[in-house]
Structures are given as C-alpha cells and as structure tokens.
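Hello,

Here is the structure I promised to pass on. Please have a look, and my notes follow below.

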Amino acid sequence: MLDFNNLEVAFSSKSQGELRNAYVLFKTIKSPGMVKFLKGASNLALKLNFPIGWAVKPTLYKQFVGGETLEDCNKIIEHLKKFNVKATLDFSAEGEQSAEGIKATFEETIRSIDFAKGNPNLAYAVFKPSTITKDEILAKASEHPEQLTAEEKAQFEEYRERFAALCKRAYENDVRLIVDAEDYCFQDAIDAQTDEMMRLYNKKRAIIFATLQMYRHDRMPYLEKIYADAKEKGYYPGIKFVRGAYMEEERARATRLGYPDPICKDKAATDENYNAGVRFVMDHIDTFELFMGTHNEESNYLLAKLIDEKGLEHNDQRIHFAQLLGMSDNISFNLAHQGYNVTKYVPYAKVKDVIPYLIRRAEENTSVAGQTGRELNMLSQELKRRKVQR
Ligand SMILES: Cc1cc2nc3c(=O)[nH]c(=O)nc-3n(C[C@H](O)[C@H](O)[C@H](O)COP(=O)(O)OP(=O)(O)OC[C@H]3O[C@@H](n4cnc5c(N)ncnc54)[C@H](O)[C@@H]3O)c2cc1C
C-alpha cells in the first residue's frame with residue numbers, strides 16, 4: 001500500500017552520514033533570518049567575484065544539485081536507478097544576459113537533449129525559455145509585441161529559432177522535452193510557441209510538454225483549449241502541472257503595474273485548481289501525457305488513486321510523478337517502490353551559476369508551516385529508527 005510515511009523506504013537511498021548532513025542543512029535553512037543572510041552574502045560574493053564554492057558545495061549544492069556537468073550527473077543517475085527512479089537533467093544556470101552566455105546555455109541544452117538520447121535512466125530533457133534570450137526581449141514580445149523595434153524583432157526571431165531547434169532535436173532523438181513555465185510576463189510567448197511545437201511534433205505521442213502553473217486562475221480554460229485543439233488537429237499534448245514558483249513577485253508586479261492579480265485567491269483555490277487539472281487530464285488520458293511536478297502529498301495520493309480507479313498500470317508510460325532532487329524523498333521513493341513512474345529533476349551547473357536556484361530552494365524550505373518542518377521531522381524520525389535498530 002502506498003504510504004508516504006514509510007520512512008524506511010523513503011530514506012533507503014541515504015547513508016547514515018548523508019541523513020545527518022541533510023538534517024543539519026534543513027535545520028539551518030529553517031531560520032528565515034539565516035536564509036536572508038545567506039541570500040545577501042551570496043549575492044554580494046558573486047558581485048565581488050569572491051569564491052563561495054567552499055561554503056556552498058558541501059551543503060546546499062550537495063543536497064540539491066547533481067554536479068557541474070552532464071557527466072558529473074552519471075553518479076546520481078546510477079544511484080537513483082537502483083531505486084527505480086529516473087533523472088531529468090536540468091541545466092540550471094540562470095540570469096545570464098550576455099549574448100555569449102545565452103548562446104552557451106542554448107548549446108548546453110542541446111547537449112543535454114543528446115545526452116538523454118536512448119538512455120532509459122533519463123526520463124525527459126528540460127529547458128527554461130528565458131535562458132535562451134534576454135529577459136527584456138521575451139517580456140516585450142510576450143506582453144507588447146507591437147512595440148518591438150526592428151532590432152528587437154530580430155532578437156526575438158533568433159530566440160524562436162533556438163526554441164524550435166531544441167524541439168526538433170528532441171523529436172529527432174525521441175527524447176521527451178519539457179518547456180518549463182516562468183514569470184507571467186514571459187508566458188504568453190512561451191505558450192504560443194509550445195502549442196505550435198506540440199502540434200508539429202506530438203502527432204504520434206507526446207514529445208513536447210507544456211508546463212501549466214496552476215496557481216494561475218486562467219489555466220483550466222487554457223487546458224481545455226489545448227484539449228479542443230488537440231482533438232481538432234490530431235495530436236497528443238504533453239502536460240506538466242506545477243503550482244508555480246513566483247507567487248510573491250507576480251502579486252507584487254500586478255499591484256505595481258495595475259493589472260488584475262493572475263494568481264488564485266488563496267492556497268486552497270490553487271490546490272483545487274491543481275487537482276482539477278490532474279483530474280481533467282486523467283479523464284482524457286487517451287489524448288494526453290502527464291508529468292505531475294509536486295511535493296504535495298495530497299496531489300500525489302490523488303494521482304495514484306486515479307491511476308488505480310482507471311485500471312491503468314502503475315508504470316503506464318504516459319504518466320510520471322516528479323519531485324526535485326533533495327526534496328520529498330518520502331514521496332518519490334515510496335511511489336517508485338510501488339512501481340509508479342517517478343523522476344527527480346536533477347539540476348546541474350557551476351556553483352556560481354546555480355545560486356539563484358539554490359536560494360529559491362532555501363526560501364521554499366524556510367517557513368515552519370512548509371516543507372522544512374516535514375523534512376526535518378522525517379529525517380529526525382529516521383535517524384532515531386536506525387539508532388534503535390543498531
Ligand atoms: C519537478 C518539479 C518541476 C517544477 N518546475 C517548475 C516550473 O517549470 N515552473 C514553476 O513556476 N515552478 C516549478 N516548480 C516549483 C513549483 O511550482 C512549486 O513552487 C513547488 O513545487 C511547491 O509547490 P508544491 O505543489 O510542491 O507544494 P505545496 O506546498 O502544496 O504548494 C506550495 C505552492 O502553492 C501555491 N501557493 C502557496 N500559497 C498560496 C496562496 N496564498 N495563494 C495561492 N497559491 C498559493 C504556490 O504556488 C506555492 O509554491 C517545479 C516543481 C517540481 C517538483
């Protein structure tokens with residue numbers, strides 16, 4: 001029986017030393033003051049070009065990141081494989097705005113798609129569209145395309161070509177490719193091209209996956225529109241559900257610029273919207289493929305229940321559960337133990353490039369009501385359980 005409280009299975013992949021390190025780490029980032037300090041200190045160090053690898057690498061980086069390169073990640077891929085969990089390698093260098101840096105990110109993403117080709121331990125490839133152009137170009141093309149200058153139009157066209165090249169490469173390699181969802185100001189342009197790519201490459205099965213942030217109250221109508229379009233044009237949309245990572249910034253921006261808040265009114269409304277999306281896709285699973293990215297236990301139980309209710313195999317290839325490396329192992333490893341398809345997002349990049357990602361993870365794990373309380377509690381229980389057994 002599926003039970004996310006089965007800690008023996010949850011932490012079967014962790015040695016005693018790893019458990020203790022994780023415990024100390026989560027205890028440290030539990031304090032909002034400490035996370036604020038870490039954020040300030042790491043931003044300052046980056047500005048001053050001060051080396052911080054010695055502090056970050058054995059702690060946050062070790063917990064949440066697979067390595068600096070694709071090849072570094074082989075170790076974690078092999079390790080996850082032993083527990084029936086696949087990896088999704090995510091090149092996580094963010095915030096690069098120079099032309100050379102953006103080009104390098106694009107080329108690395110191509111390499112990650114090639115790396116996934118024919119590898120049964122890699123479930124998907126993934127990319128963040130904003131990393132293959134400048135933020136200002138994507139935002140303007142998305143929100144005010146009529147205001148683009150000739151030079152900006154050319155830059156946006158270059159972005160579109162890169163986006164299309166990634167999708168083409170994924171199709172040729174038979175690798176499923178996830179288009180991550182990002183800030184509201186970028187998303188219309190991302191959605192439009194993702195829809196286009198799904199129509200082009202998902203004729204026989206889902207290769208390109210759109211990400212829907214269900215904290216947005218307009219996502220159910222969007223999902224229904226995708227469904228109608230797929231039925232009319234004959235393709236299989238890949239849908240990745242997440243709740244959404246940028247709530248505070250989105251609310252603040254909407255207030256600042258005076259447009260309606262795009263986010264659901266409260267957490268309960270987001271949860272309801274998220275689960276409604278999952279139910280909709282599962283009710284039409286002959287048309288869709290589903291990637292469910294969440295650390296929410298209730299949503300994970302819901303999908304497992306729907307798989308059973310519909311009489312599908314636990315390892316039906318159209319359906320994957322996903323969590324981030326270093327988080328909610330109790331969900332991932334227990335699902336995998338019961339034969340469901342599970343993948344861990346495994347970020348990789350140099351320490352200095354992955355700092356924004358790590359700060360997001362630390363912040364997400366800060367509130368007492370949130371993830372840290374749960375992670376800490378489980379880690380402490382498992383350490384006690386092993387002590388008694390010895
Ligand atoms: C595999 C994977 C891939 C991901 N990819 C992306 C991605 O491409 N794009 C992206 O944006 N995020 C992504 N995320 C992060 C995700 O959006 C969430 O921020 C994170 O997973 C926490 O949500 P949850 O469902 O796990 O858990 P929960 O703890 O149940 O939910 C927390 C989330 O609920 C929402 N929420 C909280 N309070 C409120 C409130 N007052 N009102 C309305 N909503 C509220 C927020 O979205 C918050 O992040 C990914 C997560 C995973 C596991």
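**Strands and ligand shell**

S4, helix H10 (residues 219-233) and S5 form a β-α-β unit that is right-handed, meaning that, with the strands pointing away from the viewer, the path from the first strand over the helix to the second runs clockwise. Helices (H or I, at least four residues) and strands (E, at least two) are DSSP runs, numbered from the N terminus.

This is a predicted model: local features need pLDDT of at least 70, side-chain atom pairs count only at pLDDT 80 or more, and totals for chains, interfaces and linings use all residues. Residues are numbered from 1 along each chain as its sequence is written.

S4 and S5 run parallel and are joined by five bridges; strands pair if DSSP finds at least two bridges between them. Phe241 in S5 is the bridge partner of Leu212. S5 also runs parallel to strand S6 (residues 289-293), with four bridges, and there Lys240 has Phe291 as its bridge partner. Four of the five residues of S5 (residues 238-242) are buried, so the strand is largely enclosed by the rest of the structure. Buried means that 20 or more other C-beta atoms, placed from the backbone, lie within 10 Å of the residue's own. Of the 390 residues of the protein chain, 42% are buried.

Around the ligand there are 24 residues, of which Asp180, Val242, Arg243, Gly293 and Asn296 come nearest; the C-beta atom, placed from the backbone, must lie within 6 Å. Strand S4 (208-213), helix H12 (267-283) and strand S7 (319-324) each give two or more residues to this shell, and S7 has the largest share, three residues.

Best wishes

Notes: A residue is buried if 20 or more other C-beta atoms lie within 10 Å of its own, exposed if 12 or fewer, and partly exposed in between; C-beta atoms are placed from the backbone.
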